[in-house]
Structure formats: C-alpha cells, structure tokens
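Let's walk through this structure together, one region after another.

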Amino acid sequence: MKPIGIYLHVPFCESRCPYCDFFTKRPAEGEPERYADTVKTELEAYRGKHIRADSVYFGGGTPSVLPGDLFTELLDTVRDCFTVTDDAEVTVECNPSSDLERFLPAAAETGVNRVSLGMQSAVDAERRKLGRLADRKRVEEALSIARDNGIDNLTLDVMLGVPGQTLKSLDETLAFVVDSGVPHVSAYMLKLEEGTVFHRRAASLDLPDEDAVRDLYLRTVEALEAAGLRQYEISNFARPGFESRHNLKYWHCEEYLGFGPSAHSFFRGERFYRKPDWDAFVSGEPVVPDGPGGGFEERLMLALRLTEGYRGEIPERLREKASSPMLRPFVEIGDDFLRLTREGFLVSNTVIAELL
Ligand code: SF4
C-alpha cells in the first residue's frame with residue numbers, strides 16, 4: 001500500500017476575508033481546545049491500523065492561530081495513530097498576521113518542514129481590499145521567521161484578478177515572489193463565490209475583466225517559469241523537487257484522509273467528507289458518504305490539471321473529441337498521454353467538460 005496523505009482542517013480565522021467561502025469561524029473561548037479534542041477522537045479511530053502516511057497538511061482556516069501546545073498535541077496524535085514516514089512532508093498554512101514568533105518555533109520543533117504563507121499580493125493596497133491584515137513588511141518578516149526556524153521549504157499564495165490589479169501591480173508582486181527565493185508558488189484566480197461579500201458587491205469592485213485576467217495569468221506563468229519556478233499544475237509552480245507532495249496526491253487520485261469540519265477524504269476507493277458545521281463536528285457526527293471514487297473520468301479530470309497531463313491508454317472516443325477543431329488549440333494528445341495547453345488551462349473547466 002502506498003503511503004497516504006493526512007489533512008487537518010483548522011476552522012479558525014482572526015477575521016473573514018470578503019472573498020472567502022471556506023468553513024471558518026472566529027475562535028471563541030475554549031473552542032481551540034474543543035477542536036483539538038474532537039480531532040484527536042477522529043484520529044484515534046485509525047490507531048493500530050498501521051496506515052502509513054508520507055504527508056501531513058494543516059490547512060484552513062488559519063492553523064497558525066492555534067496555541068503551539070495544541071498544535072504539537074495534534075501532530076503527536078497523528079504520529080501515534082498513523083505510521084508517518086521519516087521523510088514525510090509536514091505542511092502548515094500560516095497567515096502572516098498571526099503571532100508567528102510564537103507559533104513557528106513550536107511548529108518547527110514538532111516536525112513541520114514546509115510553510116504555506118497566505119500573501120495574495122505584495123501590494124499593500126490590494127491586500128487591504130482582500131481584507132488581509134498584514135502588510136508587505138510583515139510578509140517579509142514571516143518568511144524570515146520560518147527560515148530562522150530552519151524551514152526553507154516555503155510557498156507563497158498569490159491571487160490573480162484582485163480588484164484594481166494591473167499588469168504593473170502584478171509585476172511588483174511577482175518581483176517580490178522571485179526575490180524572496182521561495183521554491184514554490186500557488187497563483188489562484190479570484191472567484192466570486194456565492195454568499196461572500198465580494199459576490200454581493202461585485203459591481204462596485206473594479207474587477208479586471210476576463211481578457212485582463214487572462215493576461216495576468218499568462219504574465220504570471222511567464223515570469224515564474226523564467227525564474228526557474230516550473231509550472232506543474234494549473235495554479236502551482238515549483239523549483240524541481242519542491243512540488244507539493246500532498247497536493248499531488250489529490251491530482252494523482254491517491255488516497256488521503258481528512259479530519260476536522262468540512263474535510264474531505266478518499267480512502268479505500270470511497271469518498272466521504274465531514275460536514276462544514278461546527279455543532280455537527282463537536283457532537284461527533286459521522287462522516288457523510290460521497291460515493292466511490294477513482295474512476296477513469298475522475299482520474300482524467302484531476303490529471304488534466306497537471307502540466308504532465310493524463311498518462312495511459314486514451315479511449316478512441318476521447319481521442320476523437322480531443323482532435324476536434326474546437327478543442328485542438330486547448331489539448332495535446334499523444335499515443336499515451338493527453339494534456340491541456342497553456343491556453344487550455346485558462347478554460348480548463350469548459351475543456352474538461354467538453355472532453356467528458
Ligand atoms: S484567512 Fe484564509 S481561510 Fe481565513 S477567511 Fe481569509 S481566505 Fe478564508
């Protein structure tokens with residue numbers, strides 16, 4: 001059995017960003033402790049099953065708002081209940097505005113070896129529009145704190161299509177990213193998710209139009225690749241050897257178990273998830289089955305997010321569709337591979353829907 005990935009969703013944030021629809025809340029008195037106890041109970045269900053894991057990922061929400069001792073307890077419990085390999089990738093998402101002087105030494109001490117920093121933009125005016133509390137200087141400090149604690153495997157999140165963003169302001173962000181020397185970058189396009197403040201106020205946001213977002217994306221790919229950060233997925237770039245082992249499991253359709261409210265799992269051929277609901281979580285409601293996973297269409301859909309694409313036998317009907325005049329600019333097909341072109345990445349959802 002291949003080692004699996006383990007994901008822990010930490011649902012706490014200092015404040016809600018106006019574009020975010022993740023399951024998060026402000027931690028009330030006693031809730032971080034309640035969270036840790038409940039997740040530990042979820043983890044205990046796997047004790048003694050000798051399941052190996054080679055990646056552990058703390059996402060959120062904002063894991064860096066957890067007190068250091070609770071974080072340590074959680075990672076220790078993961079290690080007690082699973083066989084975590086010696087070379088495991090252990091990632092924690094951090095918000096630069098958290099008290100990282102307190103959090104990161106404890107995280108590094110307990111075995112975290114990769115930090116994902118939610119920067120979004122190096123331009124303070126853009127960060128403010130996104131509701132992010134830290135300024136550029138604080139992002140620089142956050143990188144230094146991680147490095148001072150021996151964590152060099154760092155990744156920065158960049159957002160494209162931010163209100164008011166231009167190619168010039170994006171260049172400032174990309175220059176910051178490249179100068180920072182981080183070996184990994186995620187660059188996501190802003191989506192207006194229903195129920196968010198941005199969705200309600202879309203008309204007044206000064207959002208770049210579709211063509212402008214396309215240009216922002218292509219400029220990002222070009223600049224990061226020129227700096228040696230190779231694109232390996234629609235939104236992800238890395239120096240060789242620094243690709244996210246954890247996220248590659250999702251795209252390779254490999255197994256992972258998720259813990260905490262709203263966490264999803266794919267394990268032993270089945271998909272299931274935990275409700276995005278605090279009360280359901282703390283009352284120990286069981287996971288919600290989400291049907292079998294890992295079928296051909298699903299594997300294809302996930303693999304097409306990667307620059308290497310899908311490798312394996314390509315059914316004739318798919319070959320025909322991929323070669324149609326409509327899809328030809330967006331798809332490359334060989335004897336045993338199918339992948340999207342850079343233009344195809346820009347309209348990946350539509351292309352994949354057409355293919356399937
Ligand atoms: S910090 Fe991240 S998870 Fe929390 S509200 Fe902002 S975008 Fe959402």
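Start at Tyr310, which stands opposite Leu338 in strand E15. Before we go on, note that this is a predicted model, in which local features need pLDDT of at least 70 and side-chain atom pairs count only at pLDDT 80 or more, while totals for chains, interfaces and linings use all residues. Residues are numbered from 1 along each chain as its sequence is written. Helices (H or I, at least four residues) and strands (E, at least two) are DSSP runs, numbered from the N terminus.

E13 and E15 (residues 337–340) run antiparallel and are joined by 2 bridges; two strands count as paired if DSSP finds at least two bridges between them. Step back and you will find an open sheet of 3 strands in the order E13-E15-E14, with antiparallel pairing. Strand E13 (310–311) and strand E14 (331–333) are at the edges with a single partner strand each, so one side of each has no neighbour in the sheet.

Now look at the chain as a whole. Its domain assignment gives domain 1 (4–251) and domain 2 (297–356); such bounds come from an automatic or database domain assignment. The C-alpha centres of the two domains lie 29 Å apart. Domain 1 gives 9 residues to the contact and domain 2 gives 9 residues, where contact is defined by C-beta atoms, placed from the backbone, that lie within 7 Å. On the side of domain 1 that touches domain 2, the elements that give two or more residues are helix H8 (210–226), strand E7 (230–233) and helix H9 (245–251). By class, that side of domain 1 has 6 nonpolar, 1 polar and 2 charged residues. Here Ala, Val, Leu, Ile, Met, Phe, Trp, Tyr, Cys and Pro count as nonpolar, Asp, Glu, Lys and Arg as charged, and the others, Gly among them, as polar.

Next, find strand E4 (residues 114–120). Is E4 mostly covered or largely in the open? It is mostly covered, with 7 of its 7 residues buried. A residue is buried if 20 or more other C-beta atoms lie within 10 Å of its own, exposed if 12 or fewer, and partly exposed in between, with C-beta atoms placed from the backbone. In a regular strand the side chains alternate between the two faces of the sheet. In E4, Arg114, Ser116, Gly118 and Gln120 point one way, while Val115, Leu117 and Met119 point the other way. Strand E3 (residues 83–94) pairs with E4 in the parallel sense over 4 bridges, and E4 pairs with strand E5 (residues 154–160), also parallel, over 4 bridges. Ser116 is a handy landmark: Glu93 stands opposite Ser116, and Ser116 stands opposite Thr155 in E5.

Strand E12 (residues 288–292) has 5 residues, of which the number buried is 0, so E12 lies largely in the open. E12 pairs with strand E11 (residues 270–273) in the antiparallel sense over 3 bridges, and Phe272 stands opposite Pro289 in E12.

Finally, visit the start of the chain. Met1 sits in the segment before strand E1 (4–10) and is exposed, with 8 other C-beta atoms within 10 Å. Met1 and Asn247 are 246 residues apart in sequence and 19 Å apart in space, C-alpha to C-alpha.

Definitions and conventions: Contact = placed C-beta atoms within 7 Å.
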